[in-house]
Amino acid sequence: MSPSLAQLYAENRLLVFGHRGAKDDAPMNTLPAFELALQQGADGVELDVQLTKDGYPVIVHDFTIDHTTNGSGQVADKTLAELRELDAGSWFGEAFRGTRIPTLDEVFEAVGQHLIINVEIKSKSLKSTGCEQVVANRIAQFSLQSRVLVSSFDPLALRRFCRIMPEVPIGFLYAETSPRWLSILMLGFKYEARHPHYSMVDADFMTNAKTHGYHVHTWTVNDIEEARKMRDLGVEILITDRPGVIRQALYG
Ligand code: G3P
Ligand code: MG
């Protein structure tokens, strides 16, 4: 098994995570994209999870399947069996024809022992779909507590997840465009990592985060000079669509 997240932090270097896998080189959020990120030398991957109509955790970014499959409609209105019928690869390239939407279980099975996995819980309302409980169940089933972190733009999803599985680190996602009230919902909640959009990260941001004891993980950095800047500022995880290129630029 590769190092745990705690062991990787202890290496004191900028860790490179593939955004939705190796998103530039394979269809996002599919097994080929995650396996390619591993081959490209990523330390981890970020993925987006939501529940099917029948309660299975599937890896899809948008709330609809229109842009990344040959189907259409809302993920939450489809059963797993219906989603499995779809081609989630040929929109990206002929070589990926027949690629399926993966479940969280399949990703854990394929790369969970080799990569750290940042599970981003997608949420479109402040009401729970039950996704937090399902994600926690799968993490426990695969004994991946030391190899995952859970992030979301939704503070209530993070609070719910933390109540279920407090030993897994939490990352709060935000951008300059995020509504202020979302940050207010995080007040008084002790969590481990800030996940700002990279445009928000500068020396003052880092000083503030470090003073308050937060890890800083940023997204989505595809430019080599920007990646070096994040490294020099002391960011700990960089989420990128090009893990191979960024890793090569940082570490040769
Ligand atoms: O977790 C970082 C990033 O994935 C957040 O935005 O829309 O790409 O899921 P999005
Ligand atoms: Mg995401």
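Which backbone nitrogen does a side-chain oxygen of D154 reach at the start of α6? The nitrogen is that of L156, and the oxygen of D154 comes to within 2.8 Å of it. This is a polar contact, a term that stands for a pair of N or O atoms within 3.5 Å; within protein, one must be able to donate a hydrogen and the other to accept it, and residues adjacent in sequence count only if both atoms are side-chain atoms. The model is a predicted one, in which local features need pLDDT of at least 70 and side-chain atom pairs count only at pLDDT 80 or more, while totals for chains, interfaces and linings use all residues. Residues are numbered from 1 along each chain as its sequence is written, chains are lettered from A and ligands numbered from 1 in the order in which they are written, and side-chain values use heavy atoms, with hydrogens and water left out.

Helix α6 spans residues 155-164, and its buried residues are P155, A157, L158, R160, F161 and C162. Here buried means under 20% relative accessible area, exposed over 50%, and partly exposed in between (1.4 Å probe, protein chains only). Helices (H or I, at least four residues) and strands (E, at least two) are DSSP runs, numbered from the N terminus. The packing partners of these buried residues are β4, α5 (131-141), β5 (148-152), β6 (170-174) and α7 (180-184). As a reminder for reading such a list, an α-helix has 3.6 residues a turn, so residues three or four places apart point the same way.

K122 sits in the loop between β4 and α5 and is buried, with 14% relative accessibility. Beyond its neighbours within four places in sequence, K122 is in contact (heavy atoms within 4.5 Å) with D48, V49, Q50, V60, H61, F63 and F153. Q50, one of these partners, lies in strand β2 and is buried at 6% relative accessible area. The Q50 side chain reaches the backbone oxygen of V60 at 3.0 Å. Again leaving aside neighbours within four places, the contacts of Q50 include Y56, P57, V58, D62, V75 and C131.

V60 and H61 turn up again in the lining of the largest cavity, together with M28, N29, T30, I59, T68, T69, A88, I101 and P102. How many cavities of 30 Å³ or more does a search of the whole structure find? There is one, and the volume of the largest cavity is about 70 Å³. On a 1 Å grid over the protein atoms alone, a cavity is a set of points where a 1.4 Å probe fits but cannot get out, and lining residues have an atom within 4 Å of a point. Grid points are joined across faces, edges and corners, and a volume is the space filled by probe spheres set on the points. The lining has six nonpolar, five polar and no charged residues; Ala, Val, Leu, Ile, Met, Phe, Trp, Tyr, Cys and Pro count as nonpolar, Asp, Glu, Lys and Arg as charged, and the others, Gly among them, as polar.

Most residues other than glycine have a negative phi, and most peptide bonds are trans. N12 has a positive phi of about 55°; N12 lies in the loop between α1 (5-10) and β1 (15-19) and is exposed at 72%. S143 has a positive phi of about 50°, lies in the loop between α5 and β5 and is exposed at 53%. F96, in the loop between α3 and α4 (104-111), is buried at 19% relative accessibility. Not counting residues up to four places away in sequence, F96 touches D25, A26, P27, P32, D87, G89 and S90.

Note on methods. 1 Å grid on protein atoms, 1.4 Å probe; cavity = no way out; pocket = protein on both sides within 12 Å on 5 of 7 lines; lining within 4 Å.
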